[in-house]
Amino acid sequence: MLSRAILAGASGQLRNKASTAGNLLQRTRCPYFYDTNMACNKRKPGDGCAAIGGYSRQLGVIGVSSSCIATFPGDMAVAMRVLDAVVETVDANGQRRSIPIADFYRLWGDHPEQDTTLRPGELITAVVLPRPLGGQHFYEKVRDRASYAYALVSVAAVIQRDGGGRVAFGGVAPKPWRVEEAEALLPQGAEAVTARAFQGATPTKDNAFKLPLATRALAAVLAQAGTPARKKG
């Protein structure tokens with residue numbers, strides 16, 4: 001799963017130059033963040049968010065706020081969220097921390113300029129993966145073109161023989177989106193999982209398609225695992 005997620009990101013040239021820490025710390029690809037003529041709370045706190053009410057096809061459907069609807073763009077971190085990776089850091093005084101990746105990324109809230117829980121001057125020194133998980137590992141990425149494109153929706157999953165497992169979604173939120181309560185519903189199929197995982201979602205008219213797309217992407221994973229999505233009724 002992790003290797004598939006890495007291969008799904010960027011181009012071969014960029015992957016060969018990239019670092020693990022740099023991948024985890026990449027910033028949103030929201031077009032309003034990069035257009036300095038547009039209001040952006042992430043770029044300039046208190047400036048407003050031009051994406052809200054603007055064109056938002058690529059942007060977030062859950063975990064967003066009235067200050068920002070951008071998404072985290074990466075692939076590797078989505079797989080690491082399923083694997084319960086731990087980010088090791090050190091600051092200028094030599095103080096070290098171990099941050100579970102579940103706690104590494106922030107939801108935007110009123111401070112979308114803060115992407116992670118890193119402190120000023122703190123550096124990532126390593127990422128630690130727990131012992132390998134049994135089961136089948138999958139990474140499914142849905143995007144506008146076959147390569148060098150960010151996810152509209154991605155699914156990282158580990159599926160066990162009994163139909164249980166773990167799942168996280170990318171391309172939909174400010175952080176890799178994993179809801180453990182939803183994972184308990186995996187034996188009931190993709191619709192049950194995504195209904196719980198995206199409970200409280202606030203899509204726009206431009207990106208509401210991401211919700212059924214997430215269901216279909218997870219259904220494709222479950223079908224590959226030999227656990228077809230159950231249909232209603």
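Predicted model: local features only at pLDDT ≥ 70, side-chain atom pairs only at ≥ 80, totals over all residues.
## The three-stranded sheet

Three strands make up an open sheet, arranged in the order β4-β5-β6, and their pairing is antiparallel. The strands at the edges are β4, covering residues 136-142, and β6, covering residues 165-170; each of these pairs on one side only. Neighbouring strands of the sheet are turned against each other by 10° on average, with direction ignored. Helix α5, made of residues 76-83, packs on the sheet and touches β4, β5 and β6. The direction of α5 makes about 155° with that of β6.

## How the strands are joined

Strand β5 spans residues 153-159 and is joined to β4 by seven bridges, the two strands running antiparallel. Two positions illustrate this pairing. H137 has V158 of β5 as its bridge partner, and E140 stands opposite V155 in β5.

On the side of β6, β5 is paired in the antiparallel sense over six bridges. Here A156 stands opposite A168 in β6. The strands β5 and β6 form a hairpin with five residues between them. Within the turn of this hairpin, G163 has a positive phi of about 95°.

## Burial of strand β5

How many residues of β5 are buried? Seven of its seven residues are buried, and the strand is therefore mostly covered, given that a residue counts as buried when its relative accessible area is under 20%. The cover extends to both faces of the strand. On one side lie V153, V155, A157 and I159, and on the other lie S154, A156 and V158; all of them are buried.

H137 lies in strand β4.

Leaving aside neighbours within four places in sequence, H137 is in contact with M1, R4, L83, A157 and V158. H137 and V221 are 84 residues apart in sequence, yet their C-alpha atoms are 9.3 Å apart in space.

## The nonpolar cores

In soluble globular proteins, nonpolar side chains tend to be buried together. In this model, the largest nonpolar core has 27 residues. The members that touch the most other members are V155, I159, F169, V172, W177, F198 and L218. Strands β5 and β6 each supply at least two residues of this core, as do the helices α8 (190-197) and α9 (210-224). Which of the elements gives the most to this core? Helix α9 does, with six residues.

Another core lies apart from the largest one; it has 25 residues, among them M76, A77, Y105 and I124.

## Cavities

The structure holds two cavities of 30 Å³ or more. What is the volume of the largest cavity? Its volume is about 80 Å³. The largest cavity is lined by 14 residues, of which C30, C40, K42, C49 and C68 are the closest to its centre.

Key:
Residues numbered from 1 in each chain as written. Heavy atoms only, no water. Pairing = 2+ DSSP bridges. Helix = DSSP H or I, 4+ residues; strand = E, 2+ residues; numbered from the N terminus. Axes fitted to C-alpha atoms, helices over the stretch in contact; angles between N-to-C directions. Contact = heavy atoms within 4.5 Å. Core = buried A, V, L, I, M, F, W, Y, C linked by side-chain atoms within 4.5 Å. Buried < 20%, exposed > 50% of the residue type's maximum accessible area, 1.4 Å probe, protein only. 1 Å grid on protein atoms, 1.4 Å probe; cavity = no way out; pocket = protein on both sides within 12 Å on 5 of 7 lines; lining within 4 Å. Points joined across faces, edges and corners; volume = space filled by probe spheres on them.
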